[in-house]
Amino acid sequence: MGSFSNSLQKFKSDALSKAIYDSIKSLIFLLVGVLIPLIIPEKFSLRAFLKMEYTVYLYGIIIYSIILIIIAFLLIRLIYLKKYKTLEKDNFTDEITGLKNHKALKKHLNKTIEELLNTSKIETLSIIFIDIDDFKDYNTRYGHTKADKILKSLGQLLHNDKRGTDETFRLFKGDEYIVIAKNTCLADAVTAANRKRQSIADNTFIIDETSINLSVSCGVTEFKKEEDTIDTFLNRASLALMSAKEIKGKNNTKSNY
């Protein structure tokens, strides 16, 4: 989260850039130039004004100024929120696959576990670790550029395969993916992992006119309400994945509870 905080801080300091400032300033001057002549009467004189003969116009100018301030504030807020959302999306999105990244994973897990422990929205929570078997061989055979395209294609397949209660992430910058499955017990998560694994094995990925077949191994676990933290939850799934990859031929699913 450190890099995001630094980026956010930099954004805050640069939010009112010269271009934005000049645009808002020009808008205000334009409104002032157009509307003030409509407010001030033709026979206006400073002496009469000071004698409060034009009190109504004074109130009009005050109200008009307040409206300008509110409009400027709303414009600045709109621009700020738009840039903030763009920055947040960039920081929480994996640049290769388009999936949410490991930063988004921690944020999502914190919120989901909080709901699991303190609300009735979520009754069970499982996690599926998915790792491409022997991905280093693909890097060696095809090079990093084509290997990245493999990661992207697999990410798209996993994204399209998810249920409405699932969220898919790419872990760090490797070949591991994580599916967080709400209201899913261990047995159902294993079934889902096997379905995804088989779907990947049956699929032929076309990368730059090259046909590529993949297999993956999966590690699955369910959150223990009375015992788990985020770290123990993730570590147990990671151990299950390691167990699956130790099996000869890989392309397997192991659970750990």
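Begin by selecting residues 204-207 and 210-213, strands β4 and β5, which form a hairpin with two residues between them. Strands here are DSSP runs of E with at least two residues, and helices are runs of H or I with at least four residues, both numbered from the N terminus. In the turn, aspartate 208 has a positive phi of about 50°. The two strands pair in the antiparallel sense over four bridges; two strands pair if DSSP finds at least two bridges between them. Within this pairing, phenylalanine 205 has isoleucine 212 of β5 as its bridge partner.

The model is predicted: local features need pLDDT of at least 70 and side-chain atom pairs count only at pLDDT 80 or more, while totals for chains, interfaces and linings use all residues. Residues are numbered from 1 along each chain as its sequence is written, and side-chain values use heavy atoms, with hydrogens and water left out.

Next, select strand β1, residues 125-132. Eight of its eight residues are buried, so β1 is largely enclosed by the rest of the structure. Buried means under 20% relative accessible area, exposed over 50%, and partly exposed in between, using a 1.4 Å probe and protein chains only. One side of β1 carries Leu125, Ile127, Phe129 and Asp131, and the other carries Ser126, Ile128, Ile130 and Ile132.

Strand β3 (residues 176-182) pairs with β1 in the antiparallel sense over seven bridges, and tyrosine 177 is the bridge partner of isoleucine 130. Strand β6 (residues 216-222) also runs antiparallel to β1, joined by seven bridges; here threonine 221 stands opposite isoleucine 127.

Now move to threonine 112 in helix α5 (residues 102-118). Threonine 112 counts as buried, at 2% relative accessibility. Not counting residues up to four places away in sequence, threonine 112 touches Ile122, Leu125 and Lys182; a contact means heavy atoms within 4.5 Å.

Finally, turn to the charged side chains. Side chains of opposite charge can pair when their charged atoms come close. A salt bridge is a side-chain nitrogen of Lys or Arg within 4 Å of a carboxyl oxygen of Asp or Glu, and a search of the whole structure finds 12. Select arginine 195 and aspartate 161, whose closest N and O atoms are 2.9 Å apart in a salt bridge. This pair links distant parts of the chain, since arginine 195 lies in helix α8 (residues 186-202) and aspartate 161 in helix α7 (residues 144-161), 34 residues apart. Arginine 195 is partly exposed at 38%, and aspartate 161 is partly exposed at 22%.
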